[in-house]
Amino acid sequence: MGESRQGNQDMKPCTPIYSIAVPVHLLKDREVSATAKLLYGVIDSFQKRSGVCFASNERLADEVAGCSPRTISRCITELKEAGYIIVEGDDGRKICLSAS
């Protein structure tokens with residue numbers, strides 16, 4: 001009790017903690033990359049509040065460690081072509097999970 005936190009000055013800042021879920025049928029789909037599967041889980045967690053995900057590729061890249069916005073773009077295309085997500089809007093910023 002009463003321990004000093006001065007020794008923890010180089011700790012990373014707090015980040016939100018949440019979990020992601022990926023359906024088993026997607027996990028077993030060998031045509032979809034592991035990164036795209038992680039992205040699906042992130043999109044799912046973002047869309048839980050409003051039913052859609054409006055996050056930018058930059059924001060999604062921040063959530064999928066080690067990814068660039070370009071990688072996110074490729075993964076979105078991959079998930080869309082495989083039928084796991086639906087992308088709507090002229091700017092492609094409204095992402096919904098597919099009902100299938």
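A: Gladly! Helices (H or I, at least four residues) and strands (E, at least two) are DSSP runs, numbered from the N terminus. By that rule, Leu38 has its place in helix H2, residues 34–47. The model is predicted, so local features need pLDDT of at least 70 and side-chain atom pairs pLDDT 80 or more, while totals for chains, interfaces and linings use all residues. Residues are numbered from 1 along each chain as its sequence is written, and side-chain values use heavy atoms, with hydrogens and water left out.

Q: What pattern does the protein chain follow along the sequence?
A: The protein chain has 4 helices and 2 strands, and they come in the order α-α-α-α-β-β.

Q: Why does Leu38 count as partly exposed?
A: Buried means under 20% relative accessible area, exposed over 50%, and partly exposed in between (1.4 Å probe, protein chains only). Leu38 has 45% relative accessibility, so it counts as partly exposed. Under the same cut-offs, 33% of the 100 residues of the protein chain count as buried.

Q: Why is the pair of Tyr40 and Tyr84 called an aromatic pair, and which kind is it?
A: Rings of Phe, Tyr and Trp (its six-membered ring) pair if their centres lie within 6.5 Å; planes under 30 degrees apart count as stacked, over 60 as edge-to-face and the rest as tilted. The structure holds 1 such pair. Tyr40 and Tyr84 are 6.4 Å apart centre to centre with 85 degrees between the planes, so the pair is edge-to-face. Tyr40 lies in helix H2 and Tyr84 in the loop between helix H4 (69–81) and strand E1 (85–88), so the pair ties together parts 44 residues apart in sequence.

Q: Are Tyr40 and Tyr84 buried or exposed?
A: Tyr40, with a relative accessible area of 8%, is buried, and Tyr84, at 10%, is buried too.

Q: How do you know that the buried residues of H4 line one face?
A: Thr71, Ile72, Cys75, Ile76 and Leu79 are buried in H4. Down the axis, the buried residues fall within an arc of 140 degrees (taken from the directions from the helix axis to the C-beta atoms), so they line one face. Exposed Arg70 and Glu81 sit on the face turned away from the buried side.

Q: What makes Asp44 and Lys48 a salt bridge?
A: A salt bridge needs a side-chain nitrogen of Lys or Arg within 4 Å of a carboxyl oxygen of Asp or Glu. Asp44 and Lys48 meet at 3.1 Å, N to O, so they qualify. Asp44 is buried at 10% relative accessibility, whereas Lys48 is exposed at 57%.

Q: Which other residues form salt bridges?
A: Of the 3 salt bridges in the structure, another joins Arg59 and Glu63 at 2.3 Å, N to O. Arg59 and Glu63 are 4 residues apart in helix H3 (residues 57–63), so about one helical turn separates them. Lys94 and Glu88 also form a salt bridge, their closest N and O atoms being 3.4 Å apart.
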